[in-house]
Amino acid sequence: MKKQLLREFAPHMTAIIAFLLISLIYFNPMLEGKQLSQSDIRQHEGMSKEKIDYEKKTGEPVLWTNSMFGGMPTFLIGAPKPPKIFREINRIFNLMGNKRPLSFLFLYLIGFYIALIIFGVNPWLSIIGAVAFAFSTYFFMIIEAGHTSKAIAIGYMPPIIAGVYLAFRKKIILGSVITGLFLTLQLINNHLQITYYTLLIILIYGIYELVRTIREKTIKSFILSFSALLLVVLLAIGTNLTILWTTYEYGKYSIRGKSELTGDEDQTSGLDKSYATQWSYGIDETFTLLIPGFKGGSSVGSLNEKSETYKLFRDARGPAYAKQVIQGLPLYWGKQPFTSGPVYVGAVVLFFFVFGLFAYRGNLKWWLVTITILSIILAWGKNFMVLTDLFLDYFPGYNKFRTLTMILVIAEFSIPLLAFLTLQDFFAGKIRKEDFMKGIKYGLISLGGLTLIFVLLPGMFSYTGPGDDPYLTQGASAFIDALVVDRKRMLQTDALRSLILILIAASLLYICYLGKIKKEVLFSALAFLILVDMWPVDKRLLNNDDFVPKRQAQIPFQPLEADQLISQDTSLSYRVFDLTASPDPFRNTRASYFHKSLGGYHGAKMKRYQELIDFHLSRSNMAVLNMLNTKYFIIPSDEGQPQVQMNPYALGNAWFVKSFRVVDNADEEIKALSEFNPATEAIIDARYNKYLEGFIPNEDSTAYIQLINYHPDRMLYEYHCATDQLVVFSEIFYDKGWNAFIDNEIKPHFRANYILRVMVLPAGQHLLEFKFEPKSFYTGKKIAGAASIVSFLLVLFGFGLEIRNYFKTKVEKK
């Protein structure tokens with residue numbers, strides 16, 4: 001029995017070892033102690049610096065930060081910690097969390113391997129299938145950028161879906177437990193867009209499954225499976241309630257929520273359509289799934305010394321300059337604002353997918369074809385608004401997400417899955433001769449024919465795009481002409497490359513079908529061919545040059561002289577506006593790393609703050625800058641170096657105003673900020689009239705208020721006034737957690753000046769404290785703790801039952 005167990009588990013152990021080796025070889029600079037330099041990780045270091053510093057200092061979670069956009073919750077900067085049980089399981093799957101980026105690739109591999117095993121694919125073939133999935137180029141692009149939560153969420157996606165399949169295929173308990181476990185782990189990493197796409201895949205599968213059960217009159221088993229899955233989904237949500245509740249609550253106040261401003265036809269209940277569809281895949285750009293260089297590759301790509309662009313600059317400025325220039329060229333000529341590279345699933349895998357369209361007769365085919373087509377069309381975004389409008393307007397939650405091209409992760413899952421389900425049937429001898437010949441024929445005609453056309457007729461495209469316009473405006477037409485030649489050559493070369501790979505894949509499959517080579521030989525050949533196909537393309541996007549010494553990676557920003565001068569100010573709280581930030585203050589967290597900044601970088605900043613940027617901060621409205629306590633500006637000197645400029649008119653942490661003006665709505669409120677003096681007047685929405693009843697402004701020359709203690713979640717003020725006074729605070733208003741206490745007694749505060757806090761203070765000398773204590777966090781944490789215990793016991797029960805049944809079956813057979 002021991003020998004049998006070893007024989008059965010040998011492929012799984014081999015898979016784990018192989019996946020670790022593949023990951024280590026690809027990311028071999030890690031052996032030298034180097035780390036990957038990731039732009040979004042650097043941005044995250046900036047936005048989370050205050051939160052991390054205070055957490056180290058106090059040992060308590062910090063739920064608010066004033067280091068970015070004047071102030072915002074930290075829920076989407078660093079997600080609240082999940083219950084410890086599943087946090088540790090998550091760390092195990094991520095190789096204890098300290099082996100990044102190696103762990104991301106390993107998770108891609110092991111996640112799809114588990115899925116293929118559940119879908120019934122031979123373990124040895126599943127190893128190859130896992131490689132085919134994991135090496136899809138988009139997955140490497142997000143690693144290079146530093147989209148860590150997205151990478152982990154993608155790794156957990158395949159086993160979640162496979163668990164659902166298993167639950168509907170007679171193993172209700174095991175399938176449900178697998179889905180529940182991996183959904184819990186995916187939610188822990190808080191990338192709801194990937195979770196949304198995962199659930200969309202499951203929804204469509206569920207529809208197909210429902211139709212099947214109705215036809216087969218097994219609706220009772222469908223209801224049973226659905227109920228079990230619903231239970232584990234609810235437990236997964238409960239275990240992550242702290243994350244989900246705080247995110248949901250804040251989402252209504254962020255740019256993902258609906259604006260109160262009127263007159264914007266582009267507005268949905270979430271993101272503006274123009275913003276949501278900004279990153280839309282071009283319709284012809286879909287060919288990158290087959291030919292990686294179809295649209296030139298990356299917006300900042302490199303060429304070799306044989307390129308036309310190199311020759312142009314070599315002749316004009318010399319070889320040294322030319323070598324430097326060709327390392328960062330705008331090779332991409334598609335319609336997206338910019339891109340890190342193409343979404344390429346592999347010519348070999350795509351051939352087996354098309355082969356499967358004709359050769360595979362399993363009942364999963366049309367589900368996989370449906371989600372593939374749907375994801376491709378939805379990725380077109382603004383280039384196919386008929387379907388995009390439908391989803392943005394009517395599909396709950398869809399309009400909360402930007403970068404619609406991300407939905408191609410669905411195709412990157414479905415294409416290799418159908419390909420390897422087909423290969424499984426081929427190796428099992430289940431494919432009929434006529435279906436096999438049809439699959440080979442149409443696979444070669446469609447994909448081989450397309451690539452051949454692009455090889456022979458590359459001149460059918462212009463090879464220019466919107467990104468070239470700035471260069472043409474500057475008169476750099478010779479540069480663009482050289483780029484056009486190189487882009488054309490790239491498409492032609494990659495098309496030929498894909499054609500050759502398709503021909504080799506088809507030939508190997510056909511030779512094996514004829515019995516000329518053994519299946520084991522084809523296994524090895526396929527593994528080698530897929531790696532030859534994918535590895536070099538991935539290396540274009542993420543390679544050894546992206547690694548830097550560990551010390552360099554751990555210091556994301558070096559302080560400027562301007563930062564050092566500002567840091568000499570010992571005031572408890574003030575804000576800095578860095579006008580030297582690149583590309584602009586609102587897409588850079590360098591200042592947030594050192595100061596409490598007006599700028600920052602985040603895809604879910606507060607909606608009202610974004611509107612303040614659009615209407616006032618971008619137009620340098622000094623009244624608004626003063627009310628935000630902008631004490632320092634960092635501006636470029638005459639020599640172009642950053643220098644400090646102090647603002648003597650910054651209004652401080654809080655101030656009494658002599659009068660207030662009530663406006664009827666958000667439109668009037670934001671407009672009023674163009675014509676008021678924040679030092680003496682407050683603009684207040686009519687909805688807050690109840691807080692002003694009976695209050696009459698009365699100037700008090702002896703009144704004062706000052707901040708005496710600062711913590712991001714707690715701000716303590718001391719004040720004195722002879723009569724009731726209206727005070728405005730230079731802090732961002734967010735009523736889902738901030739409470740005001742006067743001498744430890746809670747008192748109401750409300751909003752003024754579109755985004756700030758304001759309250760009526762009673763006369764006398766008092767202590768006033770603002771505390772951030774969101775119910776969604778503290779109550780959610782308690783519920784999550786209880787749900788995690790139930791979830792973990794269910795996981796133990798499910799796997800324990802499966803192990804018992806496994807050994808029971810072995811004993812009975814013996």
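Trainee: Which residues touch the most other members in the largest nonpolar core?
Mentor: Please keep in mind that this is a predicted model. The largest nonpolar core has 170 residues, and Tyr108, Trp367 and Phe413 touch the most other members. Helix α21, residues 477–513, supplies the largest share of this core, with 14 residues.
Trainee: What does Trp367 touch?
Mentor: Leaving aside residues up to four places away in sequence, Trp367 touches Phe119, Ile161, Ile201, Ile204, Tyr205, Tyr208, Phe413 and Leu417. Another core, of 74 residues, lies apart from the largest one; Ala672, Met715, Tyr734 and Leu761 are among its members.
Trainee: Now the surface. Which residues form a nonpolar patch there?
Mentor: Leu452, Ile453, Leu456, Leu457 and Met460 form one, and together they have about 470 Å² of accessible area. Leu452 belongs to helix α19, which covers residues 433–456.
Trainee: Why does Leu452 count as partly exposed?
Mentor: Its relative accessibility is 40%, so Leu452 falls into that class, which lies between the limits of 20% and 50%.
Trainee: And the whole chain? How many helices and strands does it have?
Mentor: The protein chain has 29 helices and 18 strands. Of its 814 residues, 55% count as buried.
Trainee: How does its radius of gyration relate to that of a compact globule?
Mentor: The two agree, because a compact globule of 814 residues would have a radius of gyration near 28 Å and the protein chain has 30 Å. Along its principal axes, the C-alpha trace spans about 100 × 75 × 50 Å.

Definitions and conventions: Residues are numbered from 1 along each chain as its sequence is written. This is a predicted model: local features need pLDDT of at least 70, side-chain atom pairs count only at pLDDT 80 or more; totals for chains, interfaces and linings use all residues. Side-chain values use heavy atoms; hydrogens and water are left out. A nonpolar core is a set of buried Ala, Val, Leu, Ile, Met, Phe, Trp, Tyr and Cys residues joined through side-chain atoms within 4.5 Å. Buried means under 20% relative accessible area, exposed over 50%, partly exposed in between (1.4 Å probe, protein chains only). Helices (H or I, at least four residues) and strands (E, at least two) are DSSP runs, numbered from the N terminus. Contact means heavy atoms within 4.5 Å. Patches are made of residues with over 30% relative accessible area and no salt bridge: like charges are joined within 9 Å, nonpolar side chains (Val, Leu, Ile, Met, Phe, Trp, Tyr) within 5 Å. Accessible areas come from the Shrake-Rupley method with a 1.4 Å probe; for residues, only the protein chains shown count as cover. A salt bridge is a side-chain nitrogen of Lys or Arg within 4 Å of a carboxyl oxygen of Asp or Glu. The radius of gyration is taken over C-alpha atoms; the globule rule is 2.2 Å times the number of residues to the power 0.38.
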